[in-house]
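This report walks through salt bridges, annotated spans, a helix and the nonpolar core. Keep the coordinates open while reading.

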Amino acid sequence: LKSNPSNNEEKEAQTQLTKSDELQRLHSQALSAYQQEDYEAAVSLLDEILAVCVWDADLRELRAECYIKEGEPSKAISDLKAAAKLKNDNTEAFYKISRIYYQLGDHELSLSEVRECLKLDQDHKQCFSLYKQVKKLNKQIESAEELIREGRYEDAIGKYDSVMKTEPEVPIYSTRAKERICHCLSKNQQATEAIKLCTEVLQLEPTNVNALKDRAEAYLLEDMYEE
């Protein structure tokens, strides 16, 4: 206003000042809602602020935290990816994205994100520890799948048993391993064991198409046509 004291400029400045005060008020409310663990309210306030302050990495990280707490990992990933681009050397964002993918059972994407973190800081303790875990699991799954392609079903079963030992904490890996072991048992004509394990998988995931197909194959081996 000092450099250009016209009526239009003054109006614009007053509007922006009012808007800025309003956004600060919303920001305080959002932080307060987050601290009180009212994540839904925090997200709705942060939505309003981010509609104006599109390039604010910290606000996006805060909203991602709320999404994680609300059980909406894919929305959290989207905010964290933006935050990783907006802030230089944002190892924390890459670490969090990698962890979310890992929890969702997407070990390949998890590995690629944690590598991005280590490119920025090869001594990052959390990223290095996660990298070792994901890399080991990834390698076991890849070699198990290779054994299945070669028709070496017994060896593949052993490899998937190792997968369950490597990651006992995240249930999706055990379920996936059991689904693939059931496939191997069915292909190996071990019908009784296949039916038992496929049924276990289907109790956890009633719409698992692979387990349904493999159990059907096993029933055929046992001449259980009705089933």
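## Ground rules

A salt bridge here is a side-chain nitrogen of Lys or Arg within 4 Å of a carboxyl oxygen of Asp or Glu. Lys75 and Glu72 meet that test through their side chains, at 3.1 Å, N to O.

The model is predicted: local features need pLDDT of at least 70 and side-chain atom pairs count only at pLDDT 80 or more, while totals for chains, interfaces and linings use all residues. Residues are numbered from 1 along each chain as its sequence is written, and side-chain values use heavy atoms, with hydrogens and water left out.

## Salt bridges

The structure holds 16 salt bridges. In one of them, the side chains of Arg63 and Asp47 come to 2.8 Å, N to O. Arg63 lies in helix 3 (residues 57-69) and Asp47 in helix 2 (residues 39-52), so this pair ties together parts that are 16 residues apart in sequence. Helices are DSSP runs (H or I, at least four residues), as strands are (E, at least two), numbered from the N terminus.

Buried means under 20% relative accessible area, exposed over 50%, and partly exposed in between (1.4 Å probe, protein chains only). Arg63 is buried at 12%. Asp47 is partly exposed at 34%. Lys75 is partly exposed at 41%, and so is Glu72, at 30%.

Glu146 also forms a salt bridge with Arg149, with the closest N and O atoms 2.8 Å apart. Both residues lie in helix 7 (residues 125-149), three residues apart, or about one turn of the helix. An α-helix has 3.6 residues a turn, so residues three or four places apart point the same way. Glu146 is partly exposed, with 36% relative accessible area. Arg149 is exposed, at 60%. Elsewhere, salt bridges that share partners join Asp47, Arg60, Arg63 and Asp79 into one network.

## Annotated spans

UniProt, in an unreviewed entry, places a "coiled-coil region" at residues 127-154. UniProt positions follow the numbering used here, feature names are shortened, and annotations may be inferred rather than shown by experiment. The end C-alpha atoms of residues 127-154 lie 34 Å apart. This span is 89% helix and 0% strand.

## Helix 5

Helix 5 (residues 91-103) has 13 residues. From first C-alpha to last, helix 5 reaches 18 Å, close to the 18 Å expected at 1.5 Å a residue. That expected span is 1.5 Å times one less than the number of residues. Just after helix 5, Gly105 takes a positive phi of about 90°.

The buried residues of helix 5 include Phe94, Tyr95, Ile97 and Tyr101. What do the buried residues of helix 5 pack against? They pack against helix 3, helix 4 (73-86), helix 6 (107-120), helix 7 and helix 9 (171-187).

## Nonpolar core

A nonpolar core is a set of buried Ala, Val, Leu, Ile, Met, Phe, Trp, Tyr and Cys residues joined through side-chain atoms within 4.5 Å. The largest one has 60 residues. Leu46, Tyr160 and Ile181 have the most contacts inside it. Helix 7 gives the most to this core, with nine residues.

Contact means heavy atoms within 4.5 Å. Not counting residues up to four places away in sequence, Ile181 touches Ile157, Tyr160, Asp161, Met164 and Leu197.
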